[in-house]
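Please go through the labels given to some charged side chains here.

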Amino acid sequence: MADIDLPESLLDLERTAWAEWQAGALTVPTAFAVQEAITAHAAATKTSRYEVEMAVKRVVRHPGSAAA
């Protein structure tokens with residue numbers, strides 16, 4: 001998977017969603033905001049939405065693994 005430049009704002013949204021999910025309190029608005037931001041970033045960078053989502057999750061959920 002190619003390196004994808006991810007804005008900190010997108011990573012912050014995913015961090016919020018991940019924390020909510022781990023607490024059993026993920027809300028629809030939070031999940032929707034993450035998906036909307038991923039889709040917008042993918043469109044703006046002409047990158048697969050799937051690749052952007054996987055890169056975001058890898059950075060947030062698996063810090064220290066291969067660089068995104």
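Q: How many residues apart are Glu-53 and Lys-57 in helix α3, and about how many helical turns separate them?
A: In this predicted model, Glu-53 and Lys-57 are 4 residues apart in helix α3, which puts about one helical turn between them.

Q: What makes the contact of Glu-53 with Lys-57 a salt bridge?
A: The closest N and O atoms of Glu-53 and Lys-57 are 2.9 Å apart. The cut-off is a Lys or Arg side-chain nitrogen within 4 Å of an Asp or Glu carboxyl oxygen, so the pair qualifies.

Q: Why is Glu-53 called buried?
A: Its relative accessibility is 11%. Buried means under 20%, so Glu-53 falls in that class.

Q: Why is Lys-57 called partly exposed?
A: Lys-57 has a relative accessible area of 24%. Buried is under 20% and exposed is over 50%, so Lys-57 lies in between.

Q: How do you know that Glu-53 and Arg-49 meet in a salt bridge?
A: The N to O distance between their side chains is 2.5 Å. That is within 4 Å, so the salt bridge label applies. Glu-53 and Arg-49 are also 4 residues apart in helix α3, residues 49–61.

Q: What makes Arg-15 and Asp-12 a salt bridge, and where do they lie?
A: Their side chains meet at 2.9 Å, N to O, and the limit is 4 Å, so the pair counts. Both lie in helix α1, 3 residues apart. Glu-8 is linked with Asp-12 and Arg-15 in a network of salt bridges.

Terms used
Residues are numbered from 1 along each chain as its sequence is written. This is a predicted model: local features need pLDDT of at least 70, side-chain atom pairs count only at pLDDT 80 or more; totals for chains, interfaces and linings use all residues. Side-chain values use heavy atoms; hydrogens and water are left out. Helices (H or I, at least four residues) and strands (E, at least two) are DSSP runs, numbered from the N terminus. Buried means under 20% relative accessible area, exposed over 50%, partly exposed in between (1.4 Å probe, protein chains only).
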